[in-house]
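Let's walk through this structure together, one question at a time. Have the sequence and the 3D view ready.

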Amino acid sequence: MDYSYKFQVFWELFIEKGGWKRVLSVGLVNTLLIAVIGLLIGIVLGTLICAVKVMPKYKLFPKILDKICTVYVGFFRGTPLVVQLLITYYVLWPMFGLSISSLNTSIIVFGLNSAAYVSEIMRGGVLSVDIGQLEAGRAVGLSYSTTMLKIVIPQAIKNILPTLGNEFIALIKDTSVVSFVAATDLYKTFTEIGNVRYEYFMPYLAMAVLYIILVLLISWGIKIMERSLRKSDRGR
């Protein structure tokens, strides 16, 4: 295998002909958009699902909501992400006459998928908070929802921060499947470079390095946030 030739071809396409510009301005940006917005949707929707799962089930309406959430979580955790993308883009949108771009479809599906996992992560975090916190909030006259939002959930987020970081990392890596619905991400931009000369060794190696850098940066950011939260707790 002539590695010098492969490197020469990659240098020509990636550096001299500006392939890196498309990788950074399109591939990297879209990858981050899908992962970041998907995680934000997942946190918001996952928190709501968690609230439903942990609320008392004395009445019929909470029981119905709980069943709906159970089905939702079961579907998104039980089917591959790529299948969810394909069904949404090629089946659901045409069925309802919708025309939604592949990028926006990827963001929506990633958000819905993440919500299923975040809801379970959040539920574990809520259950790890001392029940006395909830009882104290109710004792001073706060409603159940207010106590959860202002007292319990903020403490739960501190407990699950590392796990949320892992979920973000998983979303970053999972964006490589959005090419199945013709969305452009890091995988597709590097593949386009390889397609020019049918030399994929260096483009895919560079792609792997870039993914590793992203994961290391996210891990570093999560550690900084953890240290900051520990310092704030000690300062009380």
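**Aromatic pairs and helix contacts**

Q: How many aromatic pairs does the count come to?
A: This is a predicted model, and ring pairs are counted when their centres lie within 6.5 Å. By this rule the count comes to 9 aromatic pairs.

Q: Are the planes of Phe14 and Phe190 stacked or edge-to-face?
A: The ring centres of Phe14 and Phe190 are 6.1 Å apart, and their planes lie at 15°. Planes under 30 degrees apart count as stacked. With an angle of 15°, the pair is therefore stacked.

Q: Which helices does the pair of Phe14 and Phe190 link?
A: The two residues are 176 residues apart, so to speak in distant parts of the chain. Phe14 lies in helix α1 (residues 3–16), and Phe190 in helix α8 (residues 186–197). The helices linked are α1 and α8.

Q: At roughly what angle do the axes of α6 and α7 cross?
A: Helix α7 covers residues 144–174, and its axis comes within 9 Å of that of α6. On the α6 side, the contact is made by Gln133, Leu134, Gly137 and Arg138. The crossing is right-handed, and its angle is roughly 145°.

Conventions:
Residues numbered from 1 in each chain as written. Predicted model: local features only at pLDDT ≥ 70, side-chain atom pairs only at ≥ 80, totals over all residues. Heavy atoms only, no water. Axes fitted to C-alpha atoms, helices over the stretch in contact; angles between N-to-C directions. Helix = DSSP H or I, 4+ residues; strand = E, 2+ residues; numbered from the N terminus. Left-handed = near helix turned anticlockwise from the far one by under 90°. Contact = heavy atoms within 4.5 Å. Phe/Tyr/Trp six-rings, centres within 6.5 Å; stacked < 30°, edge-to-face > 60°.
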